[in-house]
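Open the model in your viewer and keep the selection tool at hand. Each stop below says what to select and what is there.

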Amino acid sequence: MSGIDDSASVPAGAGRERSLPSRRSVLQGVAGAGAAGVAAAALMNAGLPAAAAAIAPAGAARGQAREHTAEPEPVVVHIRDAAAGVLDVFRGTAHIQVRDKELAARLMRASG
Amino acid sequence: MSSHREAPEISKDPVADSTDLYAFVSPDKPDTVTLIANYLPLEGPAGGPNFYEFGDDVLYEINIDTHGHGEADITYEFRFHTQLPNPDTFLYNTGPITSLHSPTWNRRQTYSVTRRDGRGKHRLGEGLICPPCNIGPLSTPHYDALAGAAVHTLSDGSRVFAGQRAEGFYVDLGSIFDLGDLRPFQKFQVFAKGAGLNAAPGVNTPKFLNVHSIALQVPIPRVTEHHRPVIGVWTAAKRQRARILDFEGTGHVRSGPHTQVSRLGNPLFNEVIVPLGKKDYWNTQRPVHDKQFAHHVAHPELAGLLPVLYPAVFPRLAALDKAGKARADLEAILLTGIPKGIIDGFTNFTGPVQADMLRLNTSIPPTTPNPSIFGLLGGDAAGFPNGRRVFDDVVSIELRAIAGVTYKLIDPSYSVDAAAGELTDGLTPADLGGPYLSHFPYLGVPYDGYHHPS
């Protein structure tokens, strides 16, 4: 159990590409904005090809990926650092960090 | 309290707030250990119409370290699911609940138990039903039998119970958090003395309150390694990192990995040892990282406060504190276990890794018929800090240890203050509202809302 913070038991990296939502699905799901960050919830099946510039499993989720389910899973995106284009993407029990300045900027604009 | 509402953030999240953890060799089945993790502090028995329940969105864990490395080698996971057969009534029950399948019971919970160990994940049970809360004699007649039917046998032969229980922890919160007053000693307490207060019996604050317990009874070989009888135990509650309140869709959105929001090993560790500014952070950490809190164990704030609050009562403790010597006795009790050679015939040492875990030497048989509520300090090696039984007086034990009673174990030249060995908040199990059970799950029948408060 060493280092495990969750029950996900899928091998590290498995499903990482599929767990990333497309820019379109993220933008469709923009839900609100705040001064320090923006959270966007894409409440649809986000199975489109990845489009971000860089992807990395994040922090506590390192070594984990989402468990496979037949149901569409909601995706929640948090803009951690708009200037650097750092986004936290949550889906199922996975968390990845995306670096995409353009996507972050578009979300910020969409959030008002 | 032991760990009830012990940190600012978790005090606002009661379903994930671990309140007490117990680990002991079962007195009536000494080939098993019983592990009990309590949640939902200070339940008023009459808390309807929405009676207390576990969180469907909380992942509850009981973790066991079998190798002394401060990490979980075995984890039992508990996940709950609430069912509402009839959403068109405001009632928890529409008639007497006479069985766990009673159609009059309208809000019920089931749960699954999964074991994670070095061989993977194993689902040990699912669809296991919790008992209802103890509402009153009309709604939940024969509650003892009703709850007894909610003790389930898992696929590996272990037994499990999850549901409401009577609070078994006794403590005089009202006095202790009023500037460290202990009613039996208040004629010596600087503020109480000024107010003219004389010695008085303790008042058991959580008397007639309930908690929710997750209890496991497991054969000892299932939770120990060969030739390693000492285990370290802690409970943890986790939530998914992202949550969106969605009242327009099909329900709230939860997403992301589970992250720890609460944990508990030794009673009172986060409550009394960890300073306020670190309590929330402590709850997010795993025991393996507890070296970062070791300074607070070696130099506990309370050891410095006792001589100030009780002038001239603890002169030797004051001198010890002033000397700045690390409290190796407390480090052993709380962070590593007590090595061999300190107490004749006893050890619960797990190794040099400093980690707050409840350490139980499973090779020590239960003390029957007359265990001491003072555990090891009372000459009873089957009690706290060798694990913790439901009746152990952990408040007095830890007060006495912090006051210097156990320092003599590592420095025989130290002379203990006379009052240190007498410290207590003035309570015993006789101050509970009802008895413990002599069998699994050991914590008593919960108080019902009709009779409590009376």
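Helices, of at least four residues, and strands, of at least two, are DSSP runs numbered from the N terminus. Keep in mind that this is a predicted model.

**Stop 1: chain A**

Select chain A. How many helices and strands are there in chain A? There are 2 helices and 5 strands. Follow the chain along its sequence, and the pattern reads α-β-β-β-β-β-α.

Now colour chain A by accessibility. Of its 112 residues, 41% are buried. The chain exposes about 5300 Å², and carbon and sulfur atoms supply 53% of that area. Turn to contacts between residues at least 6 apart in the sequence of chain A: 63% of them join residues at least 24 apart.

**Stop 2**

In soluble globular proteins, nonpolar side chains tend to be buried together. Select Y76(B), F78(B), F80(B), Y111(B), V113(B), I214(B) and F314(B). These residues belong to the largest nonpolar core, which has 107 residues, and they touch the most other members.

Go back to V113(B) and show what surrounds it. Neighbours within four places in sequence are left aside here. V113(B) is in contact with Y76(B), E77(B) and F78(B), among others. Its contacts also include H122(B), R123(B), L124(B), G125(B) and L128(B). L154(B) and V160(B) are in contact with V113(B) too.

**Stop 3: T82(B) in a strand**

Select strand β4 of chain B, residues 74-83, and find T82(B) in it. Is T82(B) buried or exposed? Its relative accessibility is 15%, so T82(B) counts as buried, the cut-off being under 20%.

Show the side chain of Q109(B) as well. A polar contact of 3.1 Å joins it to the side chain of T82(B). Not counting residues up to four places away in sequence, T82(B) touches E53(B), D56(B), R107(B), R108(B) and Q109(B).

**Stop 4: a helix largely enclosed**

Select helix α10 of chain B, residues 328-336. Why is this helix largely enclosed by the rest of the structure? It is enclosed because 8 of its 9 residues are buried. The buried ones are D329(B), L330(B), E331(B), A332(B), I333(B), L334(B), L335(B) and T336(B).

What do they pack against? Show helices α5 (269-273), α7 (294-298), α11 (394-402) and α12 (407-410) of chain B, together with strand β12 (358-361). Then step past the end of α10(B) to G337(B), where phi is positive, near 90°.

**Stop 5: a patch on the surface**

Switch to a surface view and select L179(B), V190(B) and F191(B). They form a nonpolar patch, with about 280 Å² of accessible area together. V190(B) lies in helix α3 of chain B, residues 190-194. Its relative accessible area is 37%, so V190(B) is partly exposed.

**Stop 6: backbone exceptions**

Most residues other than glycine have a negative phi, and most peptide bonds are trans. F208(B) is not a glycine, yet its phi is positive, about 65°. Look for F208(B) in the loop between α3 and β9 of chain B. With 29% relative accessibility, it counts as partly exposed.

Next, select H227(B). Here too phi is positive, near 65°, in a residue other than glycine. H227(B) sits in the loop between α4 and β10 of chain B. It is exposed, with a relative accessible area of 70%.

Now look at two peptide bonds. The bond from T368(B) to P369(B) is cis, with omega near 10°. The bond from F384(B) to P385(B) is cis, with omega near 5°. P369(B) is in the loop between β12 and α11 of chain B, and P385(B) is found in the loop between β12 and α11 as well.

**Stop 7**

Select G421(B), in the segment after α12 of chain B. This glycine is partly exposed, at 30% relative accessible area. Leaving aside neighbours within four places in sequence, G421(B) is in contact with R400(B) and V405(B). Finish with a distance: from C-alpha to C-alpha, G421(B) and A328(B) are 18 Å apart in space and 93 residues apart in sequence.

Terms used:
Residues are numbered from 1 along each chain as its sequence is written. Chains are lettered from A and ligands numbered from 1 in the order in which they are written. This is a predicted model: local features need pLDDT of at least 70, side-chain atom pairs count only at pLDDT 80 or more; totals for chains, interfaces and linings use all residues. Side-chain values use heavy atoms; hydrogens and water are left out. Patches are made of residues with over 30% relative accessible area and no salt bridge: like charges are joined within 9 Å, nonpolar side chains (Val, Leu, Ile, Met, Phe, Trp, Tyr) within 5 Å. Accessible areas come from the Shrake-Rupley method with a 1.4 Å probe; for residues, only the protein chains shown count as cover. A salt bridge is a side-chain nitrogen of Lys or Arg within 4 Å of a carboxyl oxygen of Asp or Glu. Buried means under 20% relative accessible area, exposed over 50%, partly exposed in between (1.4 Å probe, protein chains only). A nonpolar core is a set of buried Ala, Val, Leu, Ile, Met, Phe, Trp, Tyr and Cys residues joined through side-chain atoms within 4.5 Å. Contact means heavy atoms within 4.5 Å. A polar contact is a pair of N or O atoms within 3.5 Å; within protein, one must be able to donate a hydrogen and the other to accept it, and residues adjacent in sequence count only if both atoms are side-chain atoms.
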